[in-house]
Amino acid sequence: MYESKLSLLKYSVDKIFFEVNNEYDYSKAKEIKLNQDLNKTINKIDENTFKTTLNFKIYGTEEIPVPFTLSISISGLFGLEDWESEKNKQIAEKNTVAILFPFLRSLIATVTANCSVPPYVMPVINVNAFISDNK
């Protein structure tokens with residue numbers, strides 16, 4: 001069995017913000033479009049420890065109103081020996097996002113399902129493409 005050198009030391013929900021848009025007119029929308037933003041940050045703790053944070057937002061604009069706004073931030077504290085080296089940095093970036101993403105998806109679905117709006121199930125992402133787009 002292959003054992004990863006990367007370890008999740010701690011997981012946390014850093015922020016949840018939800019607000020219903022009482023002005024949203026469901027009768028005008030054939031399909032609800034959501035403005036979304038997902039980004040990640042990696043912060044060094046020391047040579048062998050770092051924190052990856054995923055931030056997700058659903059927000060409205062005048063052109064595209066949304067039934068609610070949502071902002072969620074989750075973090076994972078990870079351990080990986082010499083994580084900033086050329087070899088390990090790619091492992092750190094890709095694998096930590098892949099580890100945290102299911103937690104984020106689940107949290108978004110749970111929050112929206114419990115807030116009197118149609119539940120939102122975030123689509124899965126291609127982690128490699130996401131990392132490439134966020135460099």
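Start with S75 and its surroundings: leaving aside residues up to four places away in sequence, S75 touches K10, Y11, S12, D14, K51, T52, T53 and L100. Keep in mind that this is a predicted model. S75 itself sits in strand 4.

Another, at 2.8 Å, links the side chain of S75 with that of T53. T53 is also the residue that stands opposite S75 when you look across from strand 4.

That pairing takes us out to the strands. Strand 3 covers residues 49–59 and strand 4 covers residues 68–79, and the two run antiparallel to each other over 10 bridges. In general, strands of a sheet pair through backbone hydrogen bonds, in either a parallel or an antiparallel way.

What is the order of the strands? It goes 1-4-3-2, with 4 strands in an open sheet and antiparallel pairing. Strand 1 (7–20) and strand 2 (35–46) are at the edges; each has a single partner strand, so one side of each has no neighbour in the sheet. Going from one strand to the next, the twist averages 10°.

Then there's the helix on the sheet. Helix 1, residues 86–113, packs there and touches strand 1, strand 2, strand 3 and strand 4. The direction of helix 1 makes about 145° with that of strand 4. Look back at the contacts of S75 and you'll find L100 among them.

Step back once more for the whole chain. The protein has 2 helices and 4 strands, and reading from the N terminus the elements come as β-β-β-β-α-α. Of the contacts between residues at least 6 apart in sequence, 68% join residues at least 24 apart.

As for overall dimensions, the C-alpha atoms fill a box of roughly 55 × 30 × 25 Å along the principal axes. The exposed surface comes to about 8500 Å², with carbon and sulfur atoms supplying 49% of it.

Notes: Residues are numbered from 1 along each chain as its sequence is written. This is a predicted model: local features need pLDDT of at least 70, side-chain atom pairs count only at pLDDT 80 or more; totals for chains, interfaces and linings use all residues. Side-chain values use heavy atoms; hydrogens and water are left out. Two strands pair if DSSP finds at least two bridges between them. Axes are lines fitted to C-alpha atoms, for helices over the stretch in contact, and angles run from 0 to 180 degrees between N-to-C directions. Contact means heavy atoms within 4.5 Å. A polar contact is a pair of N or O atoms within 3.5 Å; within protein, one must be able to donate a hydrogen and the other to accept it, and residues adjacent in sequence count only if both atoms are side-chain atoms. Accessible areas come from the Shrake-Rupley method with a 1.4 Å probe; for residues, only the protein chains shown count as cover.
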